[in-house]
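Student: Could we go through this structure together? I would like to ask about a few residues as we go.

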Amino acid sequence: MSQFKNIYFIYDADGGMLNEIKYWINKNILKKDSACELCDISHGKLFVRMEWLKFIKELKTEYEVEVLHRNELPRKIQENNFQLPCVIGETDQGLKEIFNKTAFKDLENLKNVKELRAKFFEKVL
């Protein structure tokens with residue numbers, strides 16, 4: 001596969017039960033403009049999508065994979081000030097963006113796990 005040893009999927013939302021409930025209410029009930037494009041791909045209205053879990057499991061056969069929220073970032077990722085949401089790959093030389101916030105917005109067809117998976121493998125293979 002590629003030179004990446006670690007892959008980080010990072011949501012533009014805070015983790016933790018209370019934060020996830022707050023995010024859901026803001027997005028689905030109050031209709032606030034607080035949507036995270038990666039959240040929209042990986043989750044339905046209430047639960048994580050099975051296709052997402054399968055994709056992450058598939059990746060874990062080749063990489064160390066972490067799915068993180070913005071309040072869970074390790075220092076090495078925080079120091080780079082990546083725009084969220086994003087997907088970061090880590091090599092022996094450091095961190096590299098695979099998808100950044102702009103890519104999520106620009107890839108109009110990137111609306112589901114199948115599309116994300118295809119675009120991911122285009123970029124890393």
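Student: Is Tyr63 buried or exposed?

Tutor: Tyr63 is buried, with a relative accessible area of 4%. Buried means under 20% relative accessible area, exposed means over 50%, and partly exposed lies in between, with a 1.4 Å probe and protein chains only. This is a predicted model, in which local features need pLDDT of at least 70 and side-chain atom pairs count only at pLDDT 80 or more, while totals for chains, interfaces and linings use all residues. Residues are numbered from 1 along each chain as its sequence is written, and side-chain values use heavy atoms, with hydrogens and water left out.

Student: How many aromatic pairs are there in the whole structure?

Tutor: A search of the whole structure finds 8 aromatic pairs. In one of them, Tyr63 and Phe120 are edge-to-face, at 6.4 Å centre to centre and with 90° between the planes. Rings of Phe, Tyr and Trp (its six-membered ring) pair if their centres lie within 6.5 Å; planes under 30 degrees apart count as stacked, over 60 as edge-to-face and the rest as tilted.

Student: Where in the chain are Tyr63 and Phe120?

Tutor: The pair links distant parts of the chain, 57 residues apart: Tyr63 is in the loop between helix 3 and strand 2, and Phe120 is in helix 6. Helices (H or I, at least four residues) and strands (E, at least two) are DSSP runs, numbered from the N terminus. Phe120 is buried too, with a relative accessible area of 0%.

Student: Which residues form one aromatic cluster?

Tutor: The cluster consists of Phe9, Trp52, Phe55, Tyr63, Phe120 and Phe121.

Student: What about Phe55, where is its place?

Tutor: Phe55 is in helix 3, and it counts as buried at 2% relative accessibility. Leaving aside neighbours within four places in sequence, Phe55 is in contact with Phe9, Val113, Leu116, Arg117, Phe120 and Phe121. Contact means heavy atoms within 4.5 Å.

Student: Which other residues of helix 3 are buried?

Tutor: The buried residues of helix 3 are Trp52, Phe55, Ile56 and Leu59. They cover an arc of only 95° around the axis, which puts them on the same side of helix 3. That arc is taken from the directions from the helix axis to the C-beta atoms. These buried residues pack against strand 1, helix 2, strand 2 (64-68) and helix 6.

Student: And which exposed residues are on the face turned away from the buried side?

Tutor: That face of helix 3 carries the exposed residues Met50, Lys54 and Lys57.

Student: Let us turn to the core. How many residues does the largest one have?

Tutor: The largest nonpolar core has 26 residues, and those with the most contacts inside it are Ile7, Phe9, Trp52, Phe55, Leu116 and Phe120. A nonpolar core is a set of buried Ala, Val, Leu, Ile, Met, Phe, Trp, Tyr and Cys residues joined through side-chain atoms within 4.5 Å.

Student: Which element gives the most to this core?

Tutor: Helix 6 does, with 5 residues. There is also a second, separate core of 9 residues, which includes Tyr8, Leu73, Ile77 and Cys86.

Student: Which strands pair with it?

Tutor: Strand 1 is joined to strand 3 by 5 bridges and runs antiparallel to it, with Asn6 standing opposite Glu90. Strand 4 also pairs with strand 3 in the antiparallel sense, over 5 bridges, and there the partner of Val87 is Phe99. Two strands pair if DSSP finds at least two bridges between them. A hairpin of 2 residues joins strand 3 to strand 4.

Student: One last topic: what joins Leu84 and Pro85?

Tutor: A cis peptide bond joins them, with omega about 0°. Pro85 lies in the loop between helix 4 (75-78) and strand 3 (86-91). Asn81 lies in the loop between helix 4 and strand 3 as well, and its phi is near 50°, a positive value in a residue other than glycine. Asn81 is exposed, with a relative accessible area of 65%.
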